[in-house]
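The following note sets out points for a colleague who has the sequence and the model at hand. Please read each point alongside the structure.

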Amino acid sequence: MTHDGSGAKEIDTSRPHPARIYDYLLGGKDNYDVDRRAGDELAATAPEVRIGLRANRAFLRRAVRYVVGSGVRQLLDIGTGLPTSPNVHEVAQEVAPDVRVAYVDNDPIVSAHGSALLSGCGTTRNVLADLRDPQAVVDHPEVRQVIDFDEPVAVLLVAILHFLTDAEKPEQVVATLRDALPAGSFLVLSHATGDFADRTAAQAVYNKATATLNLRSRAEVERFFDGFDLVEPGLAQVPYWRPDTPPPPRSGEIGIYGGVARKTG
Ligand SMILES: C[S@@+](CC[C@H](N)C(=O)[O-])C[C@H]1O[C@@H](n2cnc3c(N)ncnc32)[C@H](O)[C@@H]1O
């Protein structure tokens, strides 16, 4: 890793990138042949993947509305992804125009697109940094320009933690972020799982990518919420977390858990 915590400085178009695979599967245009091939392979091994990623994005929107509706005015979105409409700050600012958002991603393409989108926007920042060094994220001067860790913060770890291997100690990563947060803060998290179907073939697609896919069970995902209290309905497959429309077809097969929790103590 480089001194600023980013995993890569160069844009690598020879291997599929998680952000670009995700963009392709959501119908975006910011991707290359390698990403499209990986996305097609994923869809062949897990036919509901596109529905699942849309459901993940819908979960993210509902969770953002929930935390902002609960009074939080600062969001730290780690693992932002490529811009897709509506973006987190747009969803949040519809509920409360004074919300501030720090976007953090370790992919230079995400960072470049995000900076272009947000240039001149005083209430958001776009930071190139790596979740695997959570203290560097918390201490980053640009994060600090919009996030005051003395006031409640909602940390968004949506579809990112499954890119960390067990050896990268994701539980410690989340604990470091939790310890930086005051009471009244929230954790919004979603995570891929093999609990509903065998996803070994999907994992294999990521073996060629810049990050591996680490599926985790319900109990393993729930442990990330240690020190937080899950709000109703607890950890759920993303379409079933406080749905505001009927769940899409094949929802029962969607291998992504989502949950929102509050730090009380
Ligand atoms: C699947 S996308 C999720 C985007 C968005 N959070 C959502 O759920 O719609 C995962 C994002 O996490 C980023 N990412 C993966 N590993 C990361 C790391 N160690 N540090 C920071 N960002 C990371 C990828 O570059 C990608 O943009």
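1. Burial. A residue is called buried if 20 or more other C-beta atoms lie within 10 Å of its own, exposed if 12 or fewer do, and partly exposed in between, with C-beta atoms placed from the backbone. D139 counts as partly exposed because it has 14 C-beta neighbours inside 10 Å. This residue is found in helix α6 (residues 134-139). D139 and A180 are 41 residues apart in sequence, yet their C-alpha atoms are 9.8 Å apart in space.

2. Basis of the note. The model is predicted; local features need pLDDT of at least 70, side-chain atom pairs count only at pLDDT 80 or more, and totals for chains, interfaces and linings use all residues. Residues are numbered from 1 along each chain as its sequence is written. Helices (H or I, at least four residues) and strands (E, at least two) are DSSP runs, numbered from the N terminus.

3. Helix α1. Is this helix, residues 18-25, mostly covered or mostly uncovered? Helix α1 is mostly covered, as eight of its eight residues are buried. Among them are the charged residues R20 and D23, and the class definition behind that word counts Asp, Glu, Lys and Arg as charged, Ala, Val, Leu, Ile, Met, Phe, Trp, Tyr, Cys and Pro as nonpolar, and the others, Gly among them, as polar. The cover over the buried residues of α1 includes α2 (33-45), α3, β2 (100-105) and α5 (108-118). After α1 comes G27, with a positive phi near 95 degrees.

4. α1 against α2. Two packed helices are described by the angle between their axes and the distance between the axes. Here α1 and α2 pack at about 65 degrees with their axes 9 Å apart; axes are lines fitted to C-alpha atoms, for helices over the stretch in contact, and angles run from 0 to 180 degrees between N-to-C directions. That makes α1 roughly perpendicular to α2, given that angles under 35 degrees count as roughly parallel, over 145 as roughly antiparallel, 65 to 115 as roughly perpendicular and the rest as oblique. R20, I21, Y24 and L25 of α1 make the contact with D35, R36, A38, G39 and L42 of α2. These residues divide into five nonpolar, one polar and three charged. Contact between two residues requires that their C-beta atoms, placed from the backbone, lie within 7 Å.

5. α3 against α4. The axes of α3 (residues 49-69) and α4 (residues 88-95) come within 9 Å and cross at roughly 40 degrees. The two helices are therefore oblique to each other. On the α3 side the contact involves R61, V64, R65, V68 and G69, which meet V88, V91, A92 and V95 in α4. By class, this contact has six nonpolar, one polar and two charged residues.

6. Nonpolar core. Such a core is a set of buried Ala, Val, Leu, Ile, Met, Phe, Trp, Tyr and Cys residues joined through C-beta atoms within 7 Å. Which residues touch the most other members of the largest one? They are L76, V155, L156 and V188, out of 74 residues. Helix α3 gives the most to this core, with nine residues. Leaving out residues up to four places away in sequence, V188 touches A63, V67, A154, L156, V158 and V260.

7. A183. This residue lies in the loop between α8 (170-179) and β5 (186-192). A183 is exposed, with 9 other C-beta atoms within 10 Å. Apart from neighbours within four places in sequence, A183 is in contact with K263, T264 and G265. A183 and R262 are 79 residues apart in sequence and 7.9 Å apart in space, C-alpha to C-alpha.
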